[in-house]
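Work through the following exercises with the sequence and the model side by side.

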Amino acid sequence: MAKVLVMALLISVFAAIPSAETFAAANKALRTKVTFNGDKSEEAGENNSYYLGIGYKKTSKIKKNMKLSVKVYVPASALKKNWDRVYVNTGIDLENSKNGKYAGTISSRYPVILIKDGKKIQVELYDSVTDRNIKAGKLASCKKSGKYYMITVNNMPLRNVVSKDEKESKINTKTKYNIIQGVAITGVCSKSSGYIYVDDIKFSGVTTQKITFNKKDYKFCDCSHLEKQHTVKVTTIK
């Protein structure tokens, strides 16, 4: 399942936060260890991509014009040199709630891109329709805190089609689904390693569901890298 969504997400790409002392003491998030190998070639997307999947507890119907929100912490060491980039993309997998079969993927309208530009970190969106980067506006922002850049994706619109087996179809508004939110992080950047955290997830469909990780408010969580399962842990951000 993770492979299906990460491939779908990667096709389309290729907020204030607490102080470090505050979130280290109190806030939990989903964590995984990442290593970016410094490769900036066309193959970099596959070799340097990590996909995290988080299952919401409640089944839900879906509709058009749904939105997602999430916070992602990436190591500041990944963005050291000019034009280093980190891509963050999100979407949802759908499973039929009755038989558990995969029903398709709905990806976000725009991947978020962090770009090192001199002393600044630019936050942009990639528009696949026009094949160019656009301003993030209120959909995404970034702030440095300690050894991380925290990206806030705020009410990112989802596409109004379901992708499955390289085909697209209309959204089925009558069926209830298990909802799995996916977050794909790709580093086309300096060679580096560290932890990535995912936190404060929200899915706004027919109903609104949130995951904070401070309690067992999720059904499951996992990670994949190079088609293999990767270790994840719910822990404090530090």
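**Exercise 1.** Determine whether the side chains of R159 and E168 meet in a salt bridge in this predicted model.

*Solution.* Begin with the distance from N to O, which is 2.9 Å for R159 and E168. The cut-off is 4 Å between a side-chain nitrogen of Lys or Arg and a carboxyl oxygen of Asp or Glu, and the two side chains therefore meet in a salt bridge.

**Exercise 2.** Describe the salt bridge between K40 and D84, and decide for each residue whether it is buried or partly exposed.

*Solution.* First, the side chains of K40 and D84 come to 2.6 Å, taken from N to O. Finally, compare the accessibilities with the cut-off of 20% for buried: K40, at 40%, is partly exposed, while D84, at 0%, is buried.

**Exercise 3.** Find which strands are tied together by the salt bridge between D200 and K71.

*Solution.* The closest N and O atoms of D200 and K71 are 3.3 Å apart. Since D200 lies in strand β14 and K71 in strand β3, the pair ties together parts that are 129 residues apart in sequence. As to accessibility, D200 is partly exposed, with a relative accessible area of 29%, but K71 is buried, with 18%.

**Exercise 4.** Classify the ring pair of Y56 and F203, then that of F213 and Y218, from the angle of the planes.

*Solution.* The structure holds seven aromatic pairs. In one of them, Y56 and F203, the ring centres are 5.9 Å apart and the planes stand at 45 degrees, so the pair is tilted. Y56 lies in the loop between β2 (49–55) and β3 (67–75), F203 in strand β14 (residues 192–204), and 147 residues separate them; both Y56 and F203 are buried. For F213 and Y218, the centres lie 5.4 Å apart with the planes at 45 degrees, so this pair is tilted too. F213 is buried, at 2% relative accessible area, and Y218 is buried as well, at 11%. To complete the picture around Y218, note that the charged end of K216 sits over its ring, 4.5 Å from the centre.

Technical notes
Residues numbered from 1 in each chain as written. Predicted model: local features only at pLDDT ≥ 70, side-chain atom pairs only at ≥ 80, totals over all residues. Heavy atoms only, no water. Phe/Tyr/Trp six-rings, centres within 6.5 Å; stacked < 30°, edge-to-face > 60°. Helix = DSSP H or I, 4+ residues; strand = E, 2+ residues; numbered from the N terminus. Buried < 20%, exposed > 50% of the residue type's maximum accessible area, 1.4 Å probe, protein only. Lys NZ or Arg CZ within 6 Å of the ring centre and 35° of its normal.
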